[in-house]
Amino acid sequence: MMGRIPMYDEFATRDFSRWNSLAKQVCCNGSAVVVDAPKWSSKSAVRFEINFYQPLVKGAHRSEFRLQATEFHRLYEYGFKIFVPLGWQPDSNQVVVMQMHNVPDNWKGEWGLAPPLELSLLNDTWVLRTAWGQVPTWLDRKGDIRHDAPWSQPFERGKWTNWIFRTKWSLDKDGMIEVEKDGNVVFQRHGANCYNNLLAPYLKFGVYAPSWVHLSVPPEFKTREIFFTDVFAREI
């Protein structure tokens, strides 16, 4: 249970005083730094950075902050503004910038699962992915997990993009996911949308390259950085 809800941080204090140490999954001093927001005067932002040669964090190349787990059947709203640098070079290694991560029921023998909701950069495209269903356990090794990528769109470099995510986590028909980009709803789904865990998912944001740890040779682009500001979370 890390981080706080409600939460709002525009990083105007130029530090991470609103984030305790357990809420930060970073390897090094430069992995998350408050800087002047690019192309936005008198505004602060956090720059998340990963480098292929830096130490792994929780078994992967990541620099992320996280909030606390939530409850099922309650409506939450999350948001942030994100800036993809002009110099971003595309490749086929997915870079995740937002996850609604599940809380695994380890005592049931559950192993790692895809996030119920995820936003990433792949080549030149935003990609939204979802996953839900019956979790495999010691007693049911097969389970019944569904995956899809219901939305994608080319992204622009050197521009701030405003994102809002509304979620009501449920395995039943009252579940809801709504994703808004720059004031326009780009995805909406009603019905089952998560796993049958004890706790509902939590927000993670930053930079995470899940495939890097499996590469036999270094990626062509060995450093990735993304900027965030106006991060918020609340129950509505």
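Over the ring of which residue does the charged end of arginine 224 sit? In this predicted model, the charged end of arginine 224 lies over the ring of tryptophan 88, at 4.1 Å from its centre. A further arginine is placed over an aromatic face: arginine 66 lies over tyrosine 202, 3.6 Å from the ring centre.

In soluble globular proteins, nonpolar side chains tend to be buried together. Here the largest nonpolar core comprises 48 residues, and Trp19 and Trp126 have the most contacts inside it. Strand β6, spanning residues 75-84, gives the most to this core, contributing five residues. A second, separate core consists of six residues, among them Val35, Ala37, Phe83 and Phe227.

**Aromatic pairs**

The rings of phenylalanine 80 and phenylalanine 205 form a stacked pair, because their centres are 6.4 Å apart and their planes meet at 25°. Phenylalanine 80 belongs to strand β6 and phenylalanine 205 to strand β14 (residues 202-209), so this pair ties together parts that are 125 residues apart in sequence. Phenylalanine 80 counts as buried, at 1% relative accessibility, and phenylalanine 205 counts as buried at 0%.

The rings of phenylalanine 83 and tryptophan 160 have their centres 5.3 Å apart; their planes are at 45°, so this pair is tilted.

**Salt bridges**

Side chains of opposite charge can pair when their charged atoms come close. The count for this model comes to 21 salt bridges, including those in the following table.

| Residue | Partner | N to O distance |
|---|---|---|
| Arginine 62 | Glutamate 64 | 2.6 Å |
| Glutamate 235 | Arginine 74 | 2.8 Å |
| Arginine 166 | Glutamate 180 | 3.2 Å |

The residues of these bridges may be described in turn. Arginine 62 is buried, with a relative accessible area of 10%, and glutamate 64 is buried at 0%.

Glutamate 235 lies in strand β15 (residues 223-235) and arginine 74 in the loop between β5 (61-66) and β6, so their bridge ties together parts that are 161 residues apart in sequence. Glutamate 235 counts as partly exposed, with 41% relative accessibility; arginine 74, at 33%, also counts as partly exposed.

The bridge between arginine 166 and glutamate 180 links strand β11, which holds arginine 166, with strand β12 (residues 176-181), which holds glutamate 180, 14 residues apart. Arginine 166 counts as buried at 15% relative accessibility, and glutamate 180 counts as buried at 14%. Arginine 166 and glutamate 180 also belong to a network of salt bridges that links them with Glu77, Glu178 and Arg234.

Arginine 189 is found in strand β13, which covers residues 184-190. Is this residue buried or exposed? Arginine 189 has a relative accessible area of 19% and is therefore buried, the limit for that class being under 20%. The side chain of arginine 189 makes a polar contact of 2.9 Å with the side chain of threonine 130. Not counting residues up to four places away in sequence, arginine 189 touches Thr130, Trp132, Asp148, Pro150, Gly175, Met176 and Ile177.

Note on methods. Residues numbered from 1 in each chain as written. Predicted model: local features only at pLDDT ≥ 70, side-chain atom pairs only at ≥ 80, totals over all residues. Heavy atoms only, no water. Helix = DSSP H or I, 4+ residues; strand = E, 2+ residues; numbered from the N terminus. Buried < 20%, exposed > 50% of the residue type's maximum accessible area, 1.4 Å probe, protein only. Polar contact = N/O pair within 3.5 Å; in protein donor to acceptor, adjacent residues only side chain to side chain. Contact = heavy atoms within 4.5 Å. Core = buried A, V, L, I, M, F, W, Y, C linked by side-chain atoms within 4.5 Å. Phe/Tyr/Trp six-rings, centres within 6.5 Å; stacked < 30°, edge-to-face > 60°. Lys NZ or Arg CZ within 6 Å of the ring centre and 35° of its normal. Salt bridge = Lys/Arg side-chain N within 4 Å of Asp/Glu carboxyl O.
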